[in-house]
Amino acid sequence: MLSPIISTWLLSAPLWESLWLTLKLAGITTIILGLVGLPLARWLNATQTRFAPVVEALVTLPIVLPPTVIGFYLLVAFSPQHPPGSWWVAVTGGPLSFTFTGLVIASVIYSLPFAVQPFQAALRAVPTELIDASRASGATVWRTFWRVHLPLARSGVGAGLTLGFAHTLGEFGVVLMIGGSLPGETKVASIALYDEVQKLNYASAHAFAGVLLVISFVLLVAVAVLQRRSRA
Amino acid sequence: MTGWRKFAVTALGCCALSTSAATEKIRVAAASNLVMVMEPLMRAFTAEHTQIELSVSHAATGNLIAQIRHGAPFDVLLAADLDYPQALIESGHAEEQTLRTFAHGVLMLWPQPPVGQKWQTVLAGPGLRRLAVANPDTAPYGKATKDLLTAAGLWDQIKPRVVWGENVAQTLQFVHSGNADFGFVAASLLSGNHDLRAGMIIELGEEALPHGAIRLGASRSPGAAKLFLDWLEGAAARIILIEHGYRVP
C-alpha cells in the first residue's frame, strides 16, 4: 500500500488516498480489459456469425448509455435480496454493492468499448499474410495470436489499454450510484472532488482538479503517441 | 386535419393566456429532500397568485450554492439547513434580512424495526450488514444521523457498516433497492409513496433540521420573490408542508 507514504503536500491525506484508490481501480480494470477485450476483439474481427453485430452493439452500449442507466441496473443487479446479487453472496459471502470488487466489475463494463474498439482497429491493421505465414509454419491459432498478431499490433493495443485506464479515471455517475462513498474502498477521485465542491472547499477542489487534469492530459498524450505509431 | 387545427388553436390560446396572465417569473433552487413537496407548494402558490410563474430546480444544496455563486439566475433558495444560506450571505449572494426558517425536517429510520424492538438494539445487533446514511459533511439529515448515533454511543460501532448516500434521496434508494438493510432518511421522501413500508420517526426535538429560505441578490423579481417567501410562512403552505412530513415553526 501507498498509504504510509501518503503526504499532505498539495492535497489532504484523504484526497491522496482517493487518488491512489482510483489508480488502483483503473490499473486492475485495465488488466481485465486486456484479458477479456483482446480475445473479444479478435473474435469480433474474425467471426462470420450473424450475431456479431448484436455482440458488437452490446459491447458499444456503454458509450451511448447514460452512466445513470448502467448504475441503476448494477444497483438492482448487485442487490443481495435477489439474483444475480444473491448468488454472489452465496458464493463469496459478501455483497457486491459498495465494494471495490463491485466497482471493478462496473468499470470493466463501462470502459469495455473504449478498449475493444482500438483493439479491433489495431488487430485489423496487421497484414493477413503474416498471420497466414505463422499458421502455415505450424503455429496454433492461439500461439499465432499471442506471439505474432498481438506483438505486431502492440501500439494500437497500448492505445486501447491507455484509453481504458483513462476512461476509468473519469468514471463518476456509475460509482456515485453503486459506491456508497467508502474511504479507501469506493471513494474514488471523482467522488472525492464532488464532495469537496459540496463542502464549499473550493481551494482543495481546485488543487485536486488540477492534479486530475494533469494526469488525464499526460495519458491522452500517450494515447495520441501510441496511435500515431500504430498508423506509421 | 381538424384535430391538428384544434390542437394548434388550443396551444396558441394557452400561450397567449399564459403570457398575458404571468407578468413575473421566479426561479426557485431547492434542496433534494424537498422534491415531493415543491410540486403541491407551487400549484397552491400560483393558484393564489396567477400573475407569477414559478419554476424549480432540485439539486444537492452545495451544488446549488456553487451555481448561484457563478451567476445562476435563481431568485430564491430553499435549503435543508441554515449553514448554506449563511455561506451565501457571507459571500454577498443573498440578502440576510430575508432569511427565515420555513420548515423543520423529520428524521426517519426506514424501514421500521421489528415490533417491540428498540432501534438502538436492532442497529447494534449482528443482523445489520449495511446502514445507509446521507453524507454528514454535506447533507443535513446525514449530520443529524451522525449526531444521533454519536449521542447514543453507537457511532464507532456502527460506522464500519455505514454506506454513504450522496444525498438523503439516494440514501433511501440504497435501502429501497435492497442494497442496505436500514437507512436514516427524510420523512418527506416517504410521504407521497404509499407502496413504501412504514418508517419510524426519530425524535430530535422541535428545533432540529431547520430548513432555511432566502432571497438571492441576483433576483430579477425581488417583489415576487419576497411574496413567495412570505407565502411560505402562511397557513396554506404550512398545511402542505405538514402533509408532506415536515414540521412548521
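## Close-up views of a two-chain predicted model

View 1. In helix 11 (residues 235-243) of chain B, the buried residues are Ala237(B), Ile240(B) and Leu241(B). Here a residue is buried if 20 or more other C-beta atoms lie within 10 Å of its own, exposed if 12 or fewer, and partly exposed in between, with C-beta atoms placed from the backbone. Because they cover an arc of only 100° around the axis, these residues sit on the same side of helix 11 of chain B; the arc is that of the directions from the helix axis to the C-beta atoms. An α-helix has 3.6 residues a turn, so residues three or four places apart point the same way. Among the elements that cover these buried residues are helix 2 (38-48), strand 4 (100-104) and helix 10 (222-232) of chain B. Just after helix 11 of chain B, Gly245(B) has a positive phi of about 85°.

A word on reading these legends: this is a predicted model, in which local features need pLDDT of at least 70 and side-chain atom pairs count only at pLDDT 80 or more, while totals for chains, interfaces and linings use all residues. Residues are numbered from 1 along each chain as its sequence is written, and chains are lettered from A and ligands numbered from 1 in the order in which they are written. Helices (H or I, at least four residues) and strands (E, at least two) are DSSP runs, numbered from the N terminus.

**View 2. One open sheet of chain B has the strand order 2-1-3-10-4.** This sheet has five strands with mixed pairing; two strands pair if DSSP finds at least two bridges between them. Which strands stand at its edges? They are strand 2 (52-58) and strand 4 of chain B, each pairing on one side only. From one strand to the next, the twist averages 25°. Strand 3 (residues 76-78) and strand 10 (residues 210-215) of chain B are antiparallel and share three bridges, and Val76(B) stands opposite Arg215(B) in strand 10 of chain B. Helix 10 of chain B lies across strand 1 (24-30), strand 2, strand 3, strand 4 and strand 10 of chain B, at about 160° to strand 10 of chain B. Such angles run from 0 to 180 degrees between N-to-C directions, and axes are lines fitted to C-alpha atoms, for helices over the stretch in contact.

**View 3. Another open sheet of chain B has the strand order 7-6-8-5-9.** Its five strands also show mixed pairing. Strand 7 and strand 9 (200-202) of chain B are at the edges with a single partner strand each, so one side of each has no neighbour in the sheet. The twist here averages 30° from one strand to the next. Strand 6 (residues 131-134) and strand 8 (residues 182-186) of chain B run parallel and are joined by two bridges; look for Ala132(B), whose bridge partner in strand 8 of chain B is Gly183(B). Helix 8 (residues 168-176) of chain B packs on the sheet, touching strand 5, strand 6, strand 7 and strand 8 of chain B, and its direction makes about 150° with that of strand 8 of chain B. Helix 6 (residues 140-151) of chain B lies across strand 5 (107-110), strand 6, strand 8 and strand 9 of chain B, running at about 125° to strand 6 of chain B.

View 4. The assignment gives domain 1 (24-104 + 209-243) and domain 2 (107-202) of chain B; domain bounds come from an automatic or database domain assignment. Their C-alpha centres lie 27 Å apart.

**View 5. Chain B meets chain A.** The contact takes 17 residues from chain B and 17 residues from chain A. On the side of chain B that touches chain A, helix 3 (61-69) and strand 7 (162-165) of chain B each give two or more residues, and helix 3 of chain B gives the most, with four residues.

**View 6. Leu213(A) sits in a helix of chain A.** Chain A has eleven helices and zero strands, and Leu213(A) lies in helix 11 (residues 202-231) of chain A. Is Leu213(A) buried or exposed? Leu213(A) counts as exposed because it has 10 C-beta neighbours inside 10 Å.

Methods: Contact = placed C-beta atoms within 7 Å.
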